[in-house]
Amino acid sequence: MNNIVNNIANRLSLRPPQRQSLEILDRVCEILPINEQSDLETSLAKINQQFPTVTNFEREFPSLCFALATGVGKTRLMGAFISYLNLAYNIKNFFVLAPNLTIYNKLINDFTPNTPKYVFTGISEFAIQSPVIITGDNYETNARTILDPQIPCKINIFNISKINSEVRGGKSPKIKRLSEYIGESYFDYLSQLKDLVILMDESHRYRASAGIRAINELKPLIGLELTATPSVETSKKTVYFQNIIYEYSLGKAIRDDFVKDPAVVTRKDFNPASLSSAAIERIKLEDGIYLHENIKAELKAYSILTGKPIVKPFMLVIARDTNHASQLLELIKSDEFAEGFYQDKVIQVDSSKTGAQEDEMVERLLKVEYPDEPTEIVIHVNMLKEGWDVTNLYTIVPLRAANSEVLIKQSIGRGLRLPYGKRTGITIVDRLNIVAHDKFQEIVEEAKRPESEIRLQQIILTPEELEEKKKTVISQSKLAQTLGITTEPKNEDHFEDNREQNTEENTTVTETETQNIQTSIFASPVEQKIANLTYQQIQKLENQPEKVPTISYLATPKVQSMVREAVAKEYRPEQLEIAGVITPPDIASIVAKTTNLVIQQTIDIPKILIVPQGEVKSGFRSFALDVTGLNYPVPSKKELYIQSLATDDSTSLEIKTDNFPESRLENYIVENLVNFDDICYDENADLLYDLAGQVVEHFLTYLTEEDTHKVLYFHQVEIANLVHNQMQQHFWEDNVNYEVKISKGFTTLKESAYTTNAKNYLDYRISPADKSKMSKYLFTGFDKCLYQEQKFQSEAERVLSIILERDAIKWFKPARGQFQIYYKWEGDYLEYQPDFVAETTEMIYMLEPKNRDEIDDPQVVAKKNVAVQWCKYASDYMLKHNGKPWVYVLIPHDAIAQNMTLKGLGDRFTIKS
């Protein structure tokens, strides 16, 4: 494996399809020595021998197409290509071609250092001296830079219109005119460079004669084409490229979780035949809004739970024509549609706008991802073109007549990119909805066709669901509420210009707070201000376990004196206090009262760090693979279907592959194994090839070598995952002494966030009728819970809360990040989030209810092991400081009943360390 390829792939964190593309380029450069090129016919023959899908370069120079699905990362791949050619072959001159102004501006931004999506982040050579960017707007003023041979890398970025505009009026474009600074035209200068490499973004846009001619005249060493659409449409048929060297389809991207999961949506029992087209449109718009609001609530909750920036979703409405778009805009802006809620949140994007209106439209469209930009609905006539790479499109409402194939292909392309770069594991946040009531069955059937790579989820909305409107509930601890502490999710203000309306429509602390929330124990704003200052000082003491080992130490005279002194320094008295008009507040009394409240409303949760002493050595032992699950059939043969237009006769021609990307069978597996973070190739090369050899040996027992090539080529990722999973069972680590360090004696309770609606609030003592959807309810009415509301995943959890209300002093369900306990699973370290924590007079319980048949599940066991170890370390620390021990209790669901006691469950199901 080429070390430069490996280094670039690791530094740029390339995804497998990007890495495979880079490896193919590396192989191409071996087949066609980059600085010693043969004639075009010979070069094509060499490439075709190893890559049979390349039958024609379709240019007057070697040009190869990498067809990667939308959302996989074509721009980053361009950065990888340039890095490789520059570092491996000292290629200094690159020409990046954009098909339109939007992509042109985007490419300039992505190739500019210190921008969010900079393509060379991680390439140390470019960190020292970044490539010089020459554009269609600045090349005339950069003559000195252009001609400087000492510059190690120059990247020209041009819009195609800048070089082929001679078709308009016969006048040469400026780039082809004589430049007094250069002594010739810049185009001629580029065409004479001996090491020019051209990269074509969205290369299906350069198939017209003018575009082909202009590109050919540049005479590059090689062309690298990138597109998600490796074909062009003619009046008669679809014509596929003949120079596709690698293809990673949208279907694969969906299956590999690189993009959102597309879903088609309809209503339950929907009958379009009984409705007018206008009525269908209105229903689709309203249901789109319902989905949009639910997604908005889920994204807000996810942001609060994870601390990640909030994402503002928007909905795309596809209109028939500009008149239809204007009618839709008028409807959505009217008071009758959603009570006028979206009047200032909708834009129409089409060619009907001119002048200032066009400028405003374009600005809002380009900023639709920005958290503080108000647009939530975009009306467009045609699907938005390439280059508009937004990540926050979640709902598409197509109102234009189109067949199912067009709807699938065109609708989902613009909305598949993931806002956080990878899937979150939350279904709604990872899904793109296409509202297609009247085309639902047709689209489903289209997606089911054997040749269709895209499998769509089916979402059927019930009348009950449509009546419900979800809200994001920010759940603070009772302590925070009592102290009057309020927080907002990141970038919260972008959701509404009208803060009051935002609170009413989207966010609430809890709808039962007026019934249950404790009223403040502080009589005046001044006292509450001092209480907040006290709490801030107490939070600082979390990080000083040597002074405050547990929460109870806050009440000691020494600590109280420290807090009083700090609060007195921070407190700024009112003017009337200074003048002696009113009595100054009793700071000592307020500090004592606040401290007592914190002690009552907190459970001691130390922050535990496990630090190895000395050098840690680890690796994987050799072992015999279990290959019983490796029984892949030989992939079906590839055939070309040939239809005579004159006689209607048809025939087929098999594509025979005599050469494969890998000369050694084991390489298919090894190259995928080294992508895992816990595998170092240099330290494990012998083991990796041994394991890969076992796989190859197994396949050769029932397959020929050629068929084994095919199986490994098509299933390499799945096979590598199977091998890696088995490697985890043979991981070893030298016996290392670990030191337990306590960085915090106690921790502040974190906020939680839920989505629910007004109908789904329940008293925890009431069992819901529909227990199959337990997670949709928000339970309230607790006295001993440290939060006002809680969600349960099962009826057993609800019953356990009744037991805790009766037997515990205080309890709660921890939010994500409260404990920061991690367990190893399939090569990754995942956070373990305990279900319940409860304190009694004798001990603190970490409680995990589970279905009985899941108790011995390997992942449950992995969580149990780290939790038991954490409880041991916490107990040792707490007992050393006169605190209570921690125990871990793994309880089968069927053992939880209201007549059980917490102590009884603990005695039966505590896991000993």
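This is a predicted model: local features need pLDDT of at least 70, side-chain atom pairs count only at pLDDT 80 or more; totals for chains, interfaces and linings use all residues.
View 1. Strand β31 covers residues 836-839. F836 and A838 point one way from the strand, while V837 and E839 point the other way. Whichever way they point, all four of these residues are buried.

**View 2. The partners of β31.** Strand β28 (residues 810-812) runs antiparallel to β31, and three bridges join the two. Look here for F812, which stands opposite V837. β31 also pairs with strand β32 (residues 844-850), again in the antiparallel sense, this time over four bridges. In that pairing F836 stands opposite L847. To get from β31 to β32, the chain makes a hairpin through four residues.

View 3. At the β34 end, strand β33 (residues 886-892) pairs with β34 in the antiparallel sense over two bridges, and V889 stands opposite T910.

**View 4. The largest nonpolar core.** In soluble globular proteins, nonpolar side chains tend to be buried together. Here the largest nonpolar core has 76 residues, and F111 and I155 touch the most other members. Helix α4 (residues 74-89) gives the most to this core, with seven residues. Not counting residues up to four places away in sequence, F111 touches M78, I82, Y118, V119, F120, I133, I155 and I157. Another core lies apart from this one, made of 56 residues, with L804, A862, A867 and W870 among them.

View 5. The structure holds 29 aromatic pairs. In one of them, F95 and F158 are stacked, 5.2 Å centre to centre with 15 degrees between the planes. This pair links distant parts of the chain: F95 is in strand β2 (residues 93-98), F158 is in strand β4 (residues 154-159), and they are 63 residues apart. Now compare F111 and F120: their ring centres are 5.7 Å apart and their planes are at 70 degrees, so this pair is edge-to-face. F111 and F120 are both buried.

**View 6. Charges sitting over rings.** Two lysines are worth a look here. The charged end of K345 sits over the ring of F341, 5.1 Å from the ring's centre. For K824, the charged end sits over the ring of F731, 3.9 Å from the ring's centre.

**View 7. A buried threonine in a helix.** T534 is found in helix α21 (residues 525-541). Why does T534 count as buried? Its relative accessibility is 0%, and buried means under 20%. Leaving aside neighbours within four places in sequence, T534 is in contact with V563, V567, V591, T594 and T595.

Methods. Residues are numbered from 1 along each chain as its sequence is written. Side-chain values use heavy atoms; hydrogens and water are left out. Buried means under 20% relative accessible area, exposed over 50%, partly exposed in between (1.4 Å probe, protein chains only). Contact means heavy atoms within 4.5 Å. Two strands pair if DSSP finds at least two bridges between them. A nonpolar core is a set of buried Ala, Val, Leu, Ile, Met, Phe, Trp, Tyr and Cys residues joined through side-chain atoms within 4.5 Å. Rings of Phe, Tyr and Trp (its six-membered ring) pair if their centres lie within 6.5 Å; planes under 30 degrees apart count as stacked, over 60 as edge-to-face and the rest as tilted. A charge sits over a ring if NZ of Lys or CZ of Arg is within 6 Å of the ring centre and within 35 degrees of the ring normal.
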